[in-house]
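The model is shown below.

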Amino acid sequence: MKHFTLIAAGMVLLSFFSCQNKPEKQAGPLDGTDFQWQIDQFADVRILRYQVDDFDSLSLKQKKLVYYLSQAAVCGRDITFDQNYKYNLLIRRSLEAICEGYKGDRSTDDFKKFEIYLKRVWFSNGIHHHYSTDKFVPEFSSAYFTSLVENTPRELFPQEFEAGFVEELIFSPVAAKRVCLDAGIDLVKCSACNFYEDITEKEVEDFYAKMLDPNDPEPVSYGLNSKLVKVDGKLTEKRYHLGGMYSTAIEKIIYWLEKAAGVAENNEQKETVESLIKYYKTGDLKEFDRYSILWVKDLQSQVDFVNGFIETYGDPLGRKGGWESIVNFKNIEATKRTDIIGKNAQWFEDHSPIDDKFKKKEVKGVSAKVITAAMLGGESYPATPIGVNLPNADWIRKEYGSKSVTIENITYAYDQAAMGSGQLEEFAYSPEEVELAKKWGGLANNLHTDLHECLGHGSGQLAQGIKGDELKNYGSTLEEARADLFALYYMLDDKIVELGLMPTLDAAKAEYSNYIRNGLMVQLTRIELGKNIEESHMRNRKLIAQWCYEKGKADNVIEKKTRDNKSYFVINDFAKLHKLFGELLKEVQRIKSEGDYETGKALVENYAVKVDPVLHKEVLDRYAKLKLAPYAGFVNPVYTLVMKDGEIADVNVEYVTDYSKQMMDYSKNYSYLPTIN
Ligand code: ZN
């Protein structure tokens with residue numbers, strides 16, 4: 001499972017890469033101020049960079065390990081393209097040929113549109129939108145495409161290239177959606193993803209139903225690593241392994257994993273990597289489970305990784321694993337923070353403003369690891385999750401547990417990029433509020449997340465006879481509200497400073513202002529005019545902000561101000577707002593503990609769902625003027641070996657500023673698959 005952010009923020013367009021070699025700019029320093037977070041924007045996408053700023057704190061051996069795993073992480077990029085659609089590699093390579101060899105005028109609007117289309121194909125690992133999975137079409141005409149082809153040397157195109165065919169793939173309505181999820185149609189036939197060929201949904205279901213043994217307590221994830229096809233009328237799995245489908249890319253992945261095994265941090269990790277290698281060699285799903293168990297049990301190693309056919313969102317039937325990799329290492333400082341919170345879990349529970357009878361007598365703090373991403377690959381690149389919880393096999397989760405991680409340098413990059421976007425300045429009332437947010441917003445937001453995840457959800461207990469599902473469709477909104485309120489309440493408690501989690505309570509003030517501003521205004525930018533709030537995290541934020549705004553009106557706790565016809569929500573009394581958070585937490589906990597559906601329903605319906613249309617329109621208009629793209633992805637850093645006397649003396653990390661150049665580099669240096677697989 002993975003968690004994505006939908007933070008919408010960014011900067012305006014910087015520059016176009018013009019499908020021509022140009023010198024790479026050196027990135028700014030690592031102090032977080034002069035660093036250029038956003039390096040490109042096109043269509044509905046922004047390209048950001050993340051920093052691996054504690055990389056130098058790793059030992060040489062660990063750096064080598066990161067290096068080898070990172071190489072393995074980029075070697076599977078072609079697999080993702082091919083899994084997404086059978087002809088993606090053909091299309092990508094054809095477009096790259098034009099990008100490289102087109103002899104015509106590159107300064108025209110049409111050529112710029114061509115560049116944007118190629119950037120989108122790179123971003124989505126194919127011709128379908130990475131999020132909606134709808135096929136996107138170029139803004140240039142098919143006649144222009146023909147002229148591009150005619151003015152590009154034939155030898156640059158892949159052997160399989162045939163202009164008419166590729167033109168049809170790009171411009172016609174074939175393969176309109178990558179993953180169909182509409183009930184009532186054949187999901188397999190309707191989806192363009194490359195996991196099945198010439199078969200029906202029913203044939204797939206029957207094929208795998210036969211394999212499943214309901215009495216097997218340790219069932220493998222049947223079908224996870226294969227394409228299902230028909231050979232001479234018979235259903236057959238084309239397995240992904242050495243000697244099987246995607247063999248040439250898998251061979252390279254194995255090569256780098258073997259190097260990684262040689263510099264593993266300890267024997268357990270070595271065994272884990274070797275098990276993964278064995279799985280890649282054989283395609284045996286039993287071996288994959290053995291690897292997953294070894295991996296989930298390894299809590300000692302600082303360097304860690306995901307590599308393989310993991311998540312199944314790309315298959316309408318949720319069976320086939322998309323290839324991905326995330327190389328990372330534990331952020332020791334930030335994990336100290338979650339450790340402190342975990343160790344003091346009982347104190348927080350005992351001092352919570354909720355009714356004593358709903359407090360847990362004995363709290364078990366959840367330890368979640370905070371990590372630094374060092375390399376993203378396959379499905380996790382360039383669009384990447386901010387949190388991951390693996391493995392996915394239910395029986396392994398039950399028997400051995402799972403690893404839950406927050407990728408903090410990715411979240412940090414989002415925060416930093418948002419600061420340069422103008423969004424904060426647009427919706428914050430005063431320069432002081434902006435200043436506070438810039439200074440403390442990132443830290444405070446992370447602490448909020450830690451308190452929410454490590455303690456909030458786990459706190460409190462149900463009354464006798466209450467099962468926990470009484471709140472039905474309002475349950476998840478109220479549960480998120482409970483966890484958020486727990487975090488918000490404690491943010492402004494001296495204990496936080498005492499434990500060293502924040503240097504000053506000013507950080508809490510930044511979080512309070514951000515939360516109210518977001519809950520009442522900024523998050524409305526993601527909702528179409530005329531629509532209500534549906535998503536439970538968004539409802540939760542609206543519920544808390546709106547409730548506190550209304551309950552605090554008599555004391556002017558939160559004040560709505562207007563300036564130049566623009567609305568702002570300003571907190572006048574932080575201490576009183578802190579008290580209001582406590583009061584609402586007490587009530588939401590009671591609702592949950594007693595399973596009080598009616599009161600829960602009223603709370604959500606009255607405060608969380610409806611949007612004031614006048615304010616909504618104002619917010620959307622103000623947001624539109626900022627010209628921000630709603631989606632974001634990342635370029636990877638580049639690691640290079642520093643050699644001395646024939647030995648690796650160090651590993652350098654560099655930050656690139658050219659998205660297209662990175663994509664072309666990967667296509668040239670890490671592309672191992674045939675065009676059609
Ligand atoms: Zn939550």
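Buried means under 20% relative accessible area, exposed over 50%, and partly exposed in between, with a 1.4 Å probe and protein chains only. By that scale Cys193 is buried, at 5% relative accessibility.

This is a predicted model, in which local features need pLDDT of at least 70 and side-chain atom pairs count only at pLDDT 80 or more, while totals for chains, interfaces and linings use all residues. Residues are numbered from 1 along each chain as its sequence is written, and side-chain values use heavy atoms, with hydrogens and water left out.

A disulfide is a pair of cysteine sulfur atoms within 2.5 Å, and the count comes to one. Cys180 and Cys190 form it, with their sulfur atoms 1.8 Å apart. The link is left-handed, at -75° about the S-S bond. The sulfur of Cys193 has its closest cysteine sulfur in Cys180, 8.4 Å away, which is too far for a bond.

Donors are N, O and S atoms within 2.8 Å of the metal (3.2 Å for Na, K and Ca); water is not among the atoms, so sites may look incomplete. For the zinc ion, the protein donors are His452 (NE2), His457 (NE2) and Glu480 (OE), at 2.0 to 2.2 Å. Their spacing along the chain is H-x4-H-x22-E.

| Residue | Relative accessibility | Class |
|---|---|---|
| Cys180 | 2% | buried |
| Cys190 | 29% | partly exposed |
| Cys548 | 0% | buried |
| His452 | 7% | buried |
| Glu480 | 12% | buried |
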